[in-house]
Amino acid sequence: MTDTSRRAFLQGTAVAAVTLAPGLTLIATAADARPAGEAASPKQRWGLLIDTTKCPAECTACIDSCKEEMGLPDHGRPATDAQYIRKVSVKDPASGKTVSLPVMCQHCAKPACVDVCPTGASMKRADGIVLVDRHICIGCRFCMMACPYKARSFIHEDQTGQKIANPRGKGCVEGCTLCAHRVDAGEMPACTEACQNRGKGAMVFGDLNDPASEIAVRVATEATTRIRADLKLDPAVRYQGI
Amino acid sequence: MNRLRLAVIGFVVLATAILAGHGAMAGDGRPALPQAKGSVCVEDTQVMRRNHMDLLKHQRNDTLRQGVRGGKHSLAECVSCHATDGADGKPVPVTAEGQFCQSCHSFAAVSIDCFSCHATVPADPARTAIR
């Protein structure tokens, strides 16, 4: 597909989305839980939309809830402690305008981490969620070097008290799973829920492939940016206000 | 010749003594396993004894790579049925001495790394997330 025909195609979806919009309920829940025994499907592409104008620098609701949900302890060593989300402050040197944005795994359609992984542990699920299969991760950390978003962490010490949803241990790389366990159960990721309940509602989760979903409608009708879009990795996380 | 016979008998006696002192045994020489919750396993007991490792590996790939949830051979489910409650009412890790997975593996000289990552006790019914 050439660039122009792609644009025409995108405009086509935008129109469809607008006509669908009146019937929308703007509750950003995921679809229903996937029935037991059914695999993730390429019909979906899960993504996040983050409006940085609603993301105050001092708010850490998304990070706190992520650590709680995934059982990430604080060893007091921020340089090496596992972090699935971090707040990054960026400043426009010309205007002095600063924005704070939560950065997590961007769940790229063309993930660099998957390309470089020598064992196949770095993988993309059919519904676009990028994961580390820790069962076959050898801890080489090529993915950490390849990821332009610095989204992954290496686990340096033995772990105890892990959450059932997030088995994790020494010697493997890990990162944001987009809360695959919650998404599969029909819930939204913990960060998004916390942002809506305790933050300012900057984050929206949904299926980018479903033209009727809030996220797809907004992506089709509002200005959104992807960070390091120049790398053409096609991330599923989009930002506004940067 | 006599000396050799003595040595062999001595060894057998010693080995029996060591084995007898080593953990609880069922009458037939197999380790006594703690009672599981429920009345049947996810497969026939004989199938489980022989093939649980293969079932687990399939489940692991299906769940993690394919996203299949609610699988019959889920490791989290093994733990929820096979972990016992201690005297204090708190669940005992399945990897603790004398517990289900541990006692049989130590008897069969198997070591698994699954529980360096996976939770060894069942889910806490009260979800405590601060959301």
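Because the model is predicted, local features need pLDDT of at least 70 and side-chain atom pairs count only at pLDDT 80 or more, while totals for chains, interfaces and linings use all residues. Residues are numbered from 1 along each chain as its sequence is written, chains are lettered from A and ligands numbered from 1 in the order in which they are written, and side-chain values use heavy atoms, with hydrogens and water left out.

**View 1. The contact between chain B and chain A.**
Chain B gives 22 residues to the contact and chain A gives 35 residues; contact means heavy atoms within 4.5 Å. About 2,200 Å² is buried between the two chains, 54% of it on carbon and sulfur atoms. Buried area is the accessible area (1.4 Å probe) that two parts lose on being put together, summed over both. Eight residue pairs, both at pLDDT 80 or more, are in polar contact between chain B and chain A. A polar contact is a pair of N or O atoms within 3.5 Å; within protein, one must be able to donate a hydrogen and the other to accept it, and residues adjacent in sequence count only if both atoms are side-chain atoms. On the side of chain B that touches chain A, helix α2 (residues 45–66) of chain B supplies the largest share, five residues. Helices (H or I, at least four residues) and strands (E, at least two) are DSSP runs, numbered from the N terminus. By type, that side of chain B has 10 nonpolar, seven polar and five charged residues. Here Ala, Val, Leu, Ile, Met, Phe, Trp, Tyr, Cys and Pro count as nonpolar, Asp, Glu, Lys and Arg as charged, and the others, Gly among them, as polar.

**View 2. Salt bridges across the interface.**
Two salt bridges are found across the interface of chain B and chain A; a salt bridge is a side-chain nitrogen of Lys or Arg within 4 Å of a carboxyl oxygen of Asp or Glu. Arg69(B) forms a salt bridge with Asp184(A), with 2.8 Å between the closest N and O atoms. Salt bridges link Arg69(B) and Asp184(A) in a network with Arg34(A), Arg125(A) and Asp127(A).

**View 3. Helix α4 of chain B.**
Chain B has four helices and zero strands. In helix α4 (residues 100–107) of chain B, the buried residues are Cys101(B), Gln102(B), Ser103(B) and His105(B). Buried means under 20% relative accessible area, exposed over 50%, and partly exposed in between (1.4 Å probe, protein chains only). The cover over the buried residues of α4(B) includes α2 of chain B. Just after α4(B), Ala109(B) has a positive phi of about 55°. Of the 131 residues of chain B, 21% count as buried.

Strand β2 (residues 85–91) and strand β3 (residues 98–104) of chain A run antiparallel and are joined by seven bridges; two strands pair if DSSP finds at least two bridges between them. Ser89(A) has Ser100(A) in β3(A) as its bridge partner. Six residues lie between the strands of this hairpin, in which Gly96(A) takes a positive phi near 85°.

**View 4. Two loop residues of chain A with positive phi.**
Most residues other than glycine have a negative phi. His107(A), not a glycine, has a positive phi of about 45°. The loop between β3 and α3 (112–116) of chain A holds His107(A), which is buried at a relative accessible area of 1%. Lys232(A) has a positive phi near 60° and lies in the loop between α7 (214–221) and β9 (237–240) of chain A. Lys232(A) is exposed, with a relative accessible area of 61%.

**View 5. Salt bridges within chain A.**
Over all chains, 18 salt bridges are found in the whole structure. Glu68(A) and Lys163(A) meet in a salt bridge at 3.3 Å, N to O. This pair links distant parts of the chain, 95 residues apart: Glu68(A) is in helix α2 of chain A, and Lys163(A) is in the loop between β6 (152–154) and β7 (173–175) of chain A. Glu68(A) is partly exposed at 22% relative accessibility, and Lys163(A) is partly exposed at 28%. Arg168(A) and Glu174(A) form a salt bridge with the closest N and O atoms 2.7 Å apart, and both residues are buried.
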